[in-house]
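Please look at the sequence and the structure before reading on.

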Amino acid sequence: MALEIERKFVIHEDSETKLIKAGAVLKKHVTFTDAYFDTNNYDLSLADTWLRKRDGKWQLKIPPRERCTSLTCQYMELDSDMEIASSLLHNFPILANGSETGATMVEISQCLSEFARFTTHRTSYTIHDFHVDFDRTDFGFEVGEIELMNDDIQRDDGVGLHLMVEKVDKFASSIDFSTSERVIGKVEEFLQRFRPEHYGKLVAANIMGNTV
Ligand code: V4E
């Protein structure tokens, strides 16, 4: 399980130039397609749990045990099918669908429907310990992300998490990429535009919208 600390930023005309001047190195251009899944009652997303297939491979983001208050997002990331299935079954027993031996992702996915699908063109830089991505989607939305990962941290390591958030916040302001307003991500923009009923439920539950 990895901890991902991520701060989104608005892309301006000079953002990439600014980043390069600060010492960032261009790493890659990639294109991937994400399909996001949930139950018909939105059980996963209403629990701030994000299950997707990225180019056909399952990935799951779940909240850490405790978060610090910041515009910087904090999620645990799982990318092995076994770990993902076990986390989903633990938190959403309804997905076991009658299986007593432990359902696999193939069985679990039969209880789920796709609620978003889009392709992202990503330009990635590294600077110090950070990855900085410039994402442009096929539905005409763009957003930047500063990301710090820790592949070896427990879900309840509040001190480690706090230090990482502080580090990202400091870096974002040092290169002038931080704003006082929350910057929304690709899935949020997609839901707002194309799935207003689902989006409304997430806003009502304080998962999306004007929340920190
Ligand atoms: C975590 C989350 C969602 C899933 C998509 O996560 P995100 O990190 O935005 O996607 P992406 O493509 O950058 O993934 P990466 O390649 O970095 O692994 S959808 C909504 N959330 C929660 C969320 C939130 N509440 N607020 C903000 C600003 N971002 C995400």
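The text below treats the ligand and its surroundings, and then several individual residues.

The model is predicted, so local features need pLDDT of at least 70 and side-chain atom pairs count only at pLDDT 80 or more, while totals for chains, interfaces and linings use all residues. Residues are numbered from 1 along each chain as its sequence is written, and side-chain values use heavy atoms, with hydrogens and water left out.

**The ligand**

The ligand sits in the largest pocket. A pocket is an open set of points on a 1 Å grid over the protein atoms alone, with protein on both sides within 12 Å along at least five of seven lines; a molecule sits in it if more than half of its atoms lie within 2 Å of its grid points. Strand 1 (2-9), strand 3 (50-54), strand 5 (73-78), strand 8 (142-150) and helix 5 (186-194) each give two or more residues to the shell around the ligand. Helices (H or I, at least four residues) and strands (E, at least two) are DSSP runs, numbered from the N terminus.

There are 20 residues around the ligand, and Arg54, Lys61, Tyr75, Glu145 and Lys186 come nearest. A residue is near a molecule if one of its heavy atoms lies within 4 Å of it. The shell has eight nonpolar, no polar and 12 charged residues; Asp, Glu, Lys and Arg count as charged, Ala, Val, Leu, Ile, Met, Phe, Trp, Tyr, Cys and Pro as nonpolar, and the others, Gly among them, as polar.

| Residue and part | Ligand atom | Distance |
|---|---|---|
| Tryptophan 50, side chain | nitrogen | 3.5 Å |
| Arginine 54, side chain | oxygen | 2.8 Å |
| Isoleucine 207, backbone | nitrogen | 3.4 Å |

Taken alone the ligand exposes 640 Å², of which the protein buries 94%. Accessible areas come from the Shrake-Rupley method with a 1.4 Å probe.

**Individual residues**

Most residues other than glycine have a negative phi. Aspartate 48, in the loop between strand 2 (25-38) and strand 3, has a positive phi of about 55 degrees. Aspartate 48 is buried, with a relative accessible area of 9%; buried means under 20%, exposed over 50% and partly exposed in between (1.4 Å probe, protein chains only). Asparagine 206, in the segment after helix 6 (196-204), also has a positive phi, near 65 degrees, but asparagine 206 is exposed at 52%.

Aspartate 135 belongs to strand 7 (residues 130-137) and is buried, with a relative accessible area of 0%.

Conventions. Polar contact = N/O pair within 3.5 Å; in protein donor to acceptor, adjacent residues only side chain to side chain. 1 Å grid on protein atoms, 1.4 Å probe; cavity = no way out; pocket = protein on both sides within 12 Å on 5 of 7 lines; lining within 4 Å.
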